[in-house]
Amino acid sequence: MRETLNALNILEKLPIPLVVFKLLDRETKDFEFVYANKANQKASRVDIKEFEGKRLIDIFPGIYDLGLPGLYLQCIETQEIVDIGEIEFGDEKVNYVKRSFRIKAFPLGGDEMMILYEDVSSLKEAEDELKKKNAILEEKNKSLEEFAYITSHDLQEPLGTIASFVEMLLLGYKDLLDDQGKQILDYIGTSTLRVKGMVHNILQYSRLGSEKEKIDIDCNVVLDEIRSDLKKLLDENKADLKINPLPTINGTQSEIRMLFQNLITNAIKYQPKGNIPEIEVSVKEEQDHWVFSVKDNGIGIAEENQKKIFRMFQRLHLDKEYEGVGIGLANCQKIVDGHHGELWVESELGKGSTFYFTIPK
Ligand code: ADP
């Protein structure tokens, strides 16, 4: 046989560390190092070849504290692969420094088995670093939300005062002003109301997710309630709202209700003039989550706008075309995020839209 095809040669060249053990004693779970390839030297920073013929208990007693020999024995007894997963190991033979290894045990028949492992320390370090950064980001996000809550909450009062003084001026002092003065006062009045509305919306947005209690929610009941709450709007638009049977999910009731209601209200609103809205609420069951959908036959959304509509105050139309403030979908996004799901839209301009969101089971 050619040297390159020699099995031992291949094992020696294999860049994956591999060790073969032979069971010596079932009771004490003692094993003998039968073979270790070259890749071990790099991975464990010791020349495991030196240990060939020696007993595992003498070389790495620490491994017994981690319970690994029991799993090696299981591999031999069941003759099945045992995925040991990740362990942290290090002793005087492995540089004293603890490193993370991912290990799998493969049966070789009889009393022998093979261990394949990789050093995942740097992967783990990167993962830990990412976790730390994530925690910092979460903390920053929380302070930003608190900031939004406090400012919008505190702004409400002076805004209310301005609005009522403008009203007093308009009621009691209108005759003292010329036309331009009246017009300016009108502008101040409408702008104040707009800012009040925006502040109210930001306050509502920042409160989402603050209710910790999640309960079982029968979505059929929620949708029945929404249908009766929206009766006037549905009748005025002669809208046809079809609701297919829905599951019970775990979530924050008021938020799940707001989510469906926002999507349905938008489906009624964003219609070509004179069109009769046809809306269908459905669900598809996946292995670990539900995929809900709200489909309409409305104006549709161009592909380049399908991401930005979920951001706060992002609107695609002027108020005189379609009234709105651009916070409904931002609320939906925050609600779905808070329920660990995803939200997206599939749509073609002029051909209606389907909004999808997932909720884990
Ligand atoms: P608002 O309705 O107050 O403008 P939203 O955040 O609910 O705010 O929606 C953002 C934008 O997304 C809307 O201005 C509209 O352009 C678009 N949009 C939302 N729902 C639909 C829909 N069903 N069909 C077409 N466009 C939609």
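**A tour around helix H11**

Start by selecting helix H11, residues 328–338: Leu329, Ala330, Asn331, Cys332, Lys334, Ile335 and Val336 are buried there (under 20% relative accessible area with a 1.4 Å probe, protein chains only). Helices (H or I, at least four residues) and strands (E, at least two) are DSSP runs, numbered from the N terminus. This is a predicted model, in which local features need pLDDT of at least 70 and side-chain atom pairs count only at pLDDT 80 or more. Residues are numbered from 1 along each chain, and side-chain values use heavy atoms, without hydrogens and water.

Now show what the buried residues of H11 pack against: helices H6 (121–172), H7 (179–207) and H10 (253–269), plus strands E11 (343–347) and E12 (353–360). H11 lies across E11 and E12, at about 130° to E11 (axes are lines fitted to C-alpha atoms; angles run from 0 to 180 degrees between N-to-C directions). Just after H11, stop at His340, whose phi is positive, about 60°.

Next, the open sheet. Its five strands are ordered E7-E9-E10-E12-E11, with mixed pairing (strands pair if DSSP finds at least two bridges between them). E7 (240–243) and E11 are at the edges with a single partner strand each, so one side of each has no neighbour in the sheet. Twist averages 20° from one strand to the next. Zoom in on E9 (278–285) and E10 (289–295): they run antiparallel, joined by six bridges. Pick Lys284; its bridge partner in E10 is Val291.

Finish at H8 (219–229) and H10. Their axes come within 10 Å and cross at roughly 50°.

Technical notes. Buried means under 20% relative accessible area, exposed over 50%, partly exposed in between (1.4 Å probe, protein chains only). Contact means heavy atoms within 4.5 Å.
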